[in-house]
Structure formats: structure tokens, C-alpha cells
Amino acid sequence: MCDLHADLPPLSDDEYVLDIPRVRGFVSAVRACIERADSPAGACELISPLFAGLLADRDWLPPAFQEPAADSGMGGGIGQWLAFRAADRSLSLFSLVVPPGAKTPVHDHLAWGIVGVYRGNQDEEFYRPLDVRGLELVRRRPLDPGDFYTLVPPRDDVHRVRTTSEQTSVSIHLLANDTGCIWRHTFDEETGAASPFRSGYVNAACEADQGA
Ligand SMILES: [Fe+2]
């Protein structure tokens, strides 16, 4: 797999692009879970009830964070809206807005995390890059609002999000890095070849290009 420049310089402070008590309270509770956990899988388990509550709460995510984005790094009009990221880049919370019929490229995250559906329907598709050539579809599952799943590398890190509903889908992503700004990978569906990829955010900046 191609080498990436994964390290990002720290920010001067935590960045709450969506600066509301609901997000601050969630992040604070998540950090307490991470402190108590002895592994990424353990952190996901402790965070799960909090995450379920966030998905069930219809009041905190503004309409602007549920809008597609015409010229996004993901392509297909897919919007990636940052709500929060940690100063040390160890945590981010964002929404991913995928129009009907659109799908992300197959991609990795290079961090553990939790992903769940807030609105509409999506399929989760997990892949395993093969040693010689190609990708193996490990599992595909339809998701309703409120459903969520964990990403725990290296086993569950490569996936794709596809909207299956007639309405735009919105999913919430909590990742243990600054996912929009790190250089990671997309994977060619036919060959499995990895390419450097940085998705960016619609509403937050990343450092000058340093990965390609
Ligand atoms: Fe993803």
C-alpha cells in the first residue's frame, strides 16, 4: 500500500464548528469513555449507548449539516460536514450526506470509530483488500435510521457507504482521527489498487496539500 504522510500538526484548540451544548456534552462523555477503555473495541462498547442517543435525538443536527455538496472531495455530491475535531487530531465528529443513488468510493479511515444512520437508508459494505489483486466484499447490510456499526482496524477499516433510499441519507461518524484532513486511501473496485485520498470537509479547512 502507498505510504502516506499521516501526521497532522495540532490545532491551537478544540474546534467546535457546531458549537452547541449537545455536541460539547457528547464529546465530553465520549472522552470519558475513551479514558476508561483499554482498547478501541472497548471504547466503542462504552460509547455505543451515547451514540445511539445522538442518532435518536432529532433536534441537534442543523439542516445545513444535512445538505449535499456539489464539489466535494468524495464526489457524487457527497457532503462531509465537520461538527467537532480535537486539537490533537485524535477525535472528530461529522455528518456524511449522500444523495439518492450515490455511493462513496471504497475507502479506509486509518482509525477506529462508530458510524450510524441519522436519516434515510444506507447499505454498509465492508471489503478486504486481497494480497494479489482485487477486493473481497466481506459483508453488506441494509441500515435504517438508528442503526450503527463500529470500525476497528485492521479488520474493519475498508468500507463504502451507499444510499438506498429515495431521500438523501445522513450518517453520523465519530472517528479517532481528523478523518477529513488525513491522507488515507481509496481502493479500485476491479484491481484493489490503493490510491492516496483526502476527503476534506465542506465547512472546515485542512492543511496545505502535503500527501501526494
Ligand atoms: Fe467511511
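Guide: There are two helices and twelve strands in the protein chain, where helices (H or I, at least four residues) and strands (E, at least two) are DSSP runs numbered from the N terminus. This is a predicted model, in which local features need pLDDT of at least 70 and side-chain atom pairs count only at pLDDT 80 or more, while totals for chains, interfaces and linings use all residues. Residues are numbered from 1 along each chain as its sequence is written, and side-chain values use heavy atoms, with hydrogens and water left out.

At the site, the iron ion is coordinated at 2.1 Å by the NE2 atoms of His-107, His-109 and His-159; donors here are N, O and S atoms within 2.8 Å of the metal (3.2 Å for Na, K and Ca), and as water is not among the atoms, sites may look incomplete. The spacing of these donor residues in sequence is H-x1-H-x49-H. His-109 lies in the loop between strand S4 (106-107) and strand S5 (113-119), and His-159 in strand S9 (residues 159-163), so the pair ties together parts that are 50 residues apart in sequence. Both His-109 and His-159 are buried, that is, under 20% relative accessible area, with exposed meaning over 50% and partly exposed in between (1.4 Å probe, protein chains only).

Of the contacts in the protein chain with a separation of 6 or more, 73% join residues 24 or more positions apart, a contact being heavy atoms within 4.5 Å. The C-alpha trace spans about 45 × 40 × 35 Å along its principal axes.
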